[in-house]
Amino acid sequence: MTVRMFAAATLDATLLVYDPATELTHLAPHRLPVGRQLLDDADVATWPTVAQRQVSTPVPFNICWSPLTRCNLQCPQCLDDKTLPELAGTERTRIARILAGCGTLGLDISGGEPLLLRDMTHLLKTLASNGAAVSCTTNGWHLQRRAAELAPFLDAVRVSLDGPDAASHDRWRGKGSFERAIAGARAAVAEHVPVQLHAVVMRSTAHRAQSIVDLAHELGAVGVTFLQMLPIGDGAQLADAEMVSDADAQHTISSLQAPDGVRVRLRTRELAEGFTVVRADGQVYRNGQGATDIRSLRLLTDPADLHIPLPEGKRP
């Protein structure tokens, strides 16, 4: 049995439990206290999942915050818009407080590379102050150095990999990046932070999917999320050569053999549709139809700026 942190809430009269490692939201079969709590991940994995569009609530289940565009690596499939300005530290604190109070189940800090932020610990502590499950998505380069510092405020960490060995991974992310990512993942596991590997499904990398799952088991990671490539940011330039259809990706991932304790999922472009992101400029963005683009909605000044419009006739 593996017990780890989840977040529970009642939204639109529905009992929901959010997994900060997999980013999946589950329908709870029984009433649970609201907020962060320890649950058996094997039990939660058996509960049905629910998509955002299936529950009429203005609050997104989970929100990604990318407070910086800076990164020590230059990955050609990156989704970020590196032309955006970065807000100052005081503005980051303001946004962290808004996110903490917005009522969402899960908050993830991404980037850019979030571990470049000196105030990362302060931001994580602020995000976790009102009961949301808090995670971070990182290339892993600085994770070994910062794991002990960040662990008390992280419910999960996602480490991005493009291959199961240095030759395949470093081709995309640069020399030494595989070794640093693996060392970071091991350090997080040693600090009892659940680790989820993230791998983008591309034509050049899909055949290594089973090896990445096996590596997750070796590292002690709780699972692997395979992400359908999105033609957003730098990834738009790579799309024609590397994008895999949802059907082909589904076929590849469904054929994988997952060792005990390793949860494997595919996040298709359909599942990424409508996902809410707060970017480095402090604007709220939302993925468009099929997650083939991302649109700026408004400046984040209030929790209501994050809300999803409800279907006509639905109560708030």
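Which strands each supply at least two residues of the lining of the second largest pocket? They are strand 1 (3-11) and strand 4 (35-40), and this briefing comes back to them below. The structure is a predicted model, in which local features need pLDDT of at least 70 and side-chain atom pairs count only at pLDDT 80 or more, while totals for chains, interfaces and linings use all residues. Residues are numbered from 1 along each chain as its sequence is written, and side-chain values use heavy atoms, with hydrogens and water left out.

**A few terms first**

- Helices (H or I, at least four residues) and strands (E, at least two) are DSSP runs, numbered from the N terminus.
- Pockets and cavities are found on a 1 Å grid over the protein atoms alone: a cavity is a set of points where a 1.4 Å probe fits but cannot get out, and a pocket is an open set with protein on both sides within 12 Å along at least five of seven lines. Lining residues have an atom within 4 Å of a point.
- Grid points are joined across faces, edges and corners, and a volume is the space filled by probe spheres set on the points.
- For residue classes, Ala, Val, Leu, Ile, Met, Phe, Trp, Tyr, Cys and Pro count as nonpolar, Asp, Glu, Lys and Arg as charged, and the others, Gly among them, as polar.

- The largest pocket has a volume of about 980 Å³, and 40 residues line it, with V50, A51, Q52, F61 and L271 nearest its centre.
- Strand 3 (25-27), helix 1, strand 11 (263-267) and helix 10 (269-272) are the elements that give two or more residues to this lining; strand 11 gives the most, with five.
- Sorted by class, the lining of the largest pocket has 18 nonpolar, 11 polar and 11 charged residues.
- The second largest pocket holds about 280 Å³ of space. Of its 18 lining residues, R4, D155, H192, V193 and P194 are the closest to its centre.
- Strand 1 gives the most to the lining of the second largest pocket, with three residues. That lining has 11 nonpolar, three polar and four charged residues.

**The cavities**

- There are four cavities of 30 Å³ or more.
- The largest cavity contains about 810 Å³ of space. Among the 41 residues that line it, C78, L79, S110, G111 and T137 are the closest to its centre.
- Strand 9 (195-201) is one of the elements that give two or more residues to the lining of the largest cavity, and strand 9 gives the most, with three.
- By class, the largest cavity is lined by 17 nonpolar, 14 polar and 10 charged residues.
- The second largest cavity has about 70 Å³ of space, and its lining residues include L161, I212 and F226.
- Strand 9 also provides the largest share of the lining of the second largest cavity, three residues.

**The nonpolar cores**

- A nonpolar core is a set of buried Ala, Val, Leu, Ile, Met, Phe, Trp, Tyr and Cys residues joined through side-chain atoms within 4.5 Å. Buried means under 20% relative accessible area, exposed over 50%, and partly exposed in between (1.4 Å probe, protein chains only).
- The largest core has 56 residues, and W65, L99, L197, F226 and V278 have the most contacts inside it. Helix 7 (residues 209-219) gives the most to this core, with six residues.
- Another core, of 10 residues, lies apart from it and includes A7, A9, L11 and Y18.
- Contact means heavy atoms within 4.5 Å. Leaving aside neighbours within four places in sequence, L197 is in contact with residues including V159, L161, I212 and V224.

**Residues worth a look**

- T49 is in the loop between helix 1 (41-46) and strand 5 (62-65), and counts as partly exposed because its relative accessibility is 45%. Leaving aside neighbours within four places in sequence, T49 is in contact with L24, T25 and H26.
- Most residues other than glycine have a negative phi, and most peptide bonds are trans.
- E23 is not a glycine, yet has a positive phi of about 65°. E23 is in the loop between strand 2 (14-18) and strand 3, and counts as buried because its relative accessibility is 15%.
- A291 also has a positive phi, near 55°. A291 is in the loop between strand 13 (283-287) and strand 14 (294-299), and is buried, with a relative accessible area of 0%.
- The peptide bond from G111 to G112 is cis, with omega near 15°, and G112 is in the loop between strand 6 (106-109) and helix 3 (120-127).
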